[in-house]
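Have a look at the model first, then read on.

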Amino acid sequence: MNLNRIDLNLFAVFDAIYTAGSLTKAADVLCITQPAVSNSLARLREMLNDPLFVRTGHSMTPTPVAQNIIVPARQALALLRKSVQESHTFDPLTAETSFNFASRDLLEASIMPRLVARLQNLAPNITLTNYEMPRSQVVSAMAAGTLDFFADASTFTDPHLCKEKIAQDRFVVLARKNHPALKNGLSLDTFLRLGHINVSQRKSGAGPIEVALDKLGKRRKEVMRGQHFLTVPSTIVKTDLIACLPFHLAKHYDLAIYEMPFELPPVEYFLYWHVSADHDYAHMWMREQIMEVASAFKPH
């Protein structure tokens with residue numbers, strides 16, 4: 001039997017006839033015409049090669065084949081109904097699922113801890129994972145269902161993705177305490193003279209700091225380039241290097257923080273998800289939790 005040719009609606013009609021005992025009553029239950037019920041029964045008889053029901057007086061008596069398949073048919077219909085109902089509801093208290101994130105330091109260091117703490121009471125059986133992924137793979141991973149959320153500090157435009165701004169921050173300069181060159185504060189000249197740790201996921205190219213300095217006709221001294229903000233403090237504390245970090249990360253370390261000696265646009269963080277998940281109830285609920293946690297995020 002070719003399963004692709006099976007019309008599941010026929011089994012709903014079959015169940016209605018079996019329960020009602022007549023085509024007329026089955027039609028009333030299903031809110032369709034009696035000819036439609038008769039046509040569905042004829043198709044099912046042909047597919048299963050059995051009459052399924054024989055008329056006995058004013059009722060329809062199921063054949064042995066019908067009696068054998070009614071229980072699994074009802075179980076299958078119940079499972080389909082349950083699946084449809086669950087797709088339109090979400091109970092975080094009982095849900096056992098996992099959400100996969102791909103983000104850099106923002107989510108893992110600042111939002112993820114707060115989100116996990118929030119879920120302990122609201123959704124104790126939900127698990128979260130966060131791992132790095134190249135931006136070139138984000139859309140395909142989301143389409144395949146292996147990635148739920150992507151968070152980034154730069155805009156990412158793709159017709160298959162939805163996005164929402166979740167937080168805003170500012171860059172500050174991080175240096176070790178009692179830095180000999182910063183006794184009188186941080187001037188632009190000192191900023192340019194000192195060696196810098198530049199954090200970027202790209203091997204080369206200008207970031208927001210370079211773009212702003214270029215407008216001033218200036219250039220900073222890059223001594224080290226890395227991919228992760230979280231590795232910067234361990235280097236800063238042992239050297240005279242300085243680094244520009246988002247304030248939400250810099251404030252957690254026992255290091256000296258200075259305001260930028262020139263104007264920079266704010267750092268905006270966005271949350272991305274695939275359009276196919278935009279109306280999924282579980283996904284919608286998780287987005288609400290992320291937004292709630294991010295709303296308490298203060299860049300000062």
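A charge sits over a ring if NZ of Lys or CZ of Arg is within 6 Å of the ring centre and within 35 degrees of the ring normal. This is a predicted model, where local features need pLDDT of at least 70 and side-chain atom pairs count only at pLDDT 80 or more, while totals for chains, interfaces and linings use all residues. Residues are numbered from 1 along each chain as its sequence is written, and side-chain values use heavy atoms, with hydrogens and water left out.

| Charged residue | Ring | Distance to ring centre |
|---|---|---|
| Lys163 | Phe270 | 4.7 Å |
| Arg170 | Phe247 | 4.4 Å |

Now for rings meeting rings. The whole structure has 9 aromatic pairs (Phe, Tyr or the six-membered ring of Trp, centres within 6.5 Å; planes under 30 degrees apart are stacked, over 60 edge-to-face, the rest tilted). Tyr18 and Phe53 make an edge-to-face pair, with centres 6.2 Å apart and planes at 65°. Tyr18 sits in helix H1 and Phe53 in strand S1, 35 residues apart (helices, H or I, of at least four residues and strands, E, of at least two are DSSP runs, numbered from the N terminus). Phe53 is buried at 2% relative accessibility, while Tyr18 is partly exposed at 25% (buried is under 20% relative accessible area, exposed over 50%, partly exposed in between, with a 1.4 Å probe and protein chains only). Ring pairs also bring Phe14 into a cluster with Tyr18 and Phe53.

Last, the cysteines: there are 0 disulfides (cysteine sulfur pairs within 2.5 Å). Cys31 is exposed at 69%, whereas Cys162 is buried at 16%.
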